[in-house]
Amino acid sequence: MADEITGSAEDDGLDLIETPCLLLDADRVTANVAAMRARLDGLGVVLRPHLKTAKSRDVARIAMAGEAGPATVSTLREAEYFAEGGVRDMVYAVGIAPQKLERVGWIRRHWQTDLAIILDSPEQAEAVAAWSRRQGDPLPVLIEIDADGHRSGVPPQDAEQLVAIGRVLDGAASLRGVLLHAGNSYGLSEPDALRAAAEAERVAAVGAATALRDAGLPCPVVSVGSTPTARYAETLDGITEVRAGVFMIGDLFQAGVGSCAVGDIALTVLATVIGHQRAKGWIITDAGWMALSRDRGTARQAVDQGYGLACDRAGRPYPDLIVADANQEHGILALRKGSAAALPDLPVGARLRILPNHACATGAQHDRYHVVADGRLNGAVWPRINGW
């Protein structure tokens with residue numbers, strides 16, 4: 001089996017694994033986590049890493065402060081997988097559907113896991129309170145606050161609704177606090193704008209927590225989280241934890257935001273050249289959108305990276321060489337429009353690596369990471385999961 005081969009005719013060990021496949025640079029993951037942890041330690045808050053990008057116990061062990069957590073997940077499949085691996089402190093950071101409460105309760109009982117849920121409406125709160133009373137299990141709950149109109153949550157200025165939800169939960173479920181995600185930060189790129197978004201997130205969180213406390217309701221946890229705001233926050237006074245996630249792996253979209261450098265990105269897709277259309281300036285690879293995903297998030301940024309940025313086998317980007325188009329199993333490499341760079345000489349059979357636009361979407365196309373350390377494949381294969 002290719003997964004069992006650790007040697008190679010090439011010094012980097014990449015020639016004896018099948019392509020397309022997912023490579024993860026463990027050294028970069030470790031460095032990214034250390035940098036974020038040091039930053040948040042300096043701001044006096046706990047890192048509760050979001051594991052939705054990595055979806056891997058091996059990566060989680062690097063990202064978390066200890067074997068048991070804390071951690072954040074985005075699916076109950078993730079909650080089950082990480083609980084089975086020993087994680088005991090998790091927040092399921094997607095609004096709860098009443099039909100999922102039995103599964104939440106089973107995860108909590110089966111693995112003795114402190115799995116908290118989030119919600120933002122009286123209807124959800126009533127369903128959770130009723131379930132908690134019926135089961136004798138006061139579910140820990142965080143109320144989601146809308147930091148910036150991005151998606152879900154109670155408007156931070158609507159103290160009446162916030163308190164009403166809290167009162168429904170109080171005495172039945174366990175009201176743990178408030179949770180925010182400044183999703184609009186993903187559309188920014190200027191440092192001043194990102195700093196302002198981080199401060200707006202903080203102010204909204206602290207204001208919501210104050211409204212609950214002033215009403216006599218508990219709010220021990222004040223949780224915020226996005227990689228851009230975690231990078232640019234100047235103060236996190238009043239915040240207890242940060243739930244960033246993609247920072248540990250990085251991608252081209254985050255590089256476009258300014259949340260990481262291209263050299264920080266730990267994830268690449270290994271591909272093989274399978275042909276050329278020389279008159280068109282195309283190099284064809286075996287990594288199409290089934291390997292890379294259809295994510296084109298960078299098309300809205302100042303630098304459009306196509307379906308990904310092409311690199312040599314050491315992970316160094318070729319000047320202006322992008323995946324300009326992608327079919328299901330074919331990637332079409334071409335120079336960025338207007339580029340004066342020379343098309344690299346990549347014969348059929350040559351191997352190269354492609355940096356992804358969106359680590360979560362590209363990762364979801366694969367069931368494992370082939371681990372790179374000290375610049376070469378080290379033989380380790382780290383499983384990752386998908387599904388809900």
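This report covers the sheet, one of its strands, and the helices around that strand.

## Basis

This is a predicted model: local features need pLDDT of at least 70, side-chain atom pairs count only at pLDDT 80 or more, and totals for chains, interfaces and linings use all residues. Residues are numbered from 1 along each chain as its sequence is written, and side-chain values use heavy atoms, without hydrogens and water.

## The sheet

Eight strands form an open sheet with parallel pairing, in the order S2-S9-S8-S7-S6-S5-S4-S3. S2 (46-47) and S3 (71-73) are the edge strands; each has a single partner, so one side of each lacks a neighbour in the sheet. Strands (E, at least two residues) and helices (H or I, at least four) are DSSP runs, numbered from the N terminus. Pairing requires at least two DSSP bridges between two strands.

## Strand S5 and its partners

S5 spans residues 114-119 and runs parallel to S6 (residues 140-145), joined by 3 bridges. Ile118 faces Leu142 in S6. S4 pairs with S5 in the parallel sense over 5 bridges. There, Val91 stands opposite Ala116.

S5 is mostly covered, with 5 of its 6 residues buried (under 20% relative accessible area, 1.4 Å probe, protein chains only).

From S4, the chain crosses through helix H4 (residues 101-111) to S5 in a right-handed β-α-β crossover. The crossover from S5 through H5 to S6 is also right-handed. Right-handed means a clockwise path from the first strand over the helix to the second, with the strands pointing away from the viewer.

Key
Buried < 20%, exposed > 50% of the residue type's maximum accessible area, 1.4 Å probe, protein only.
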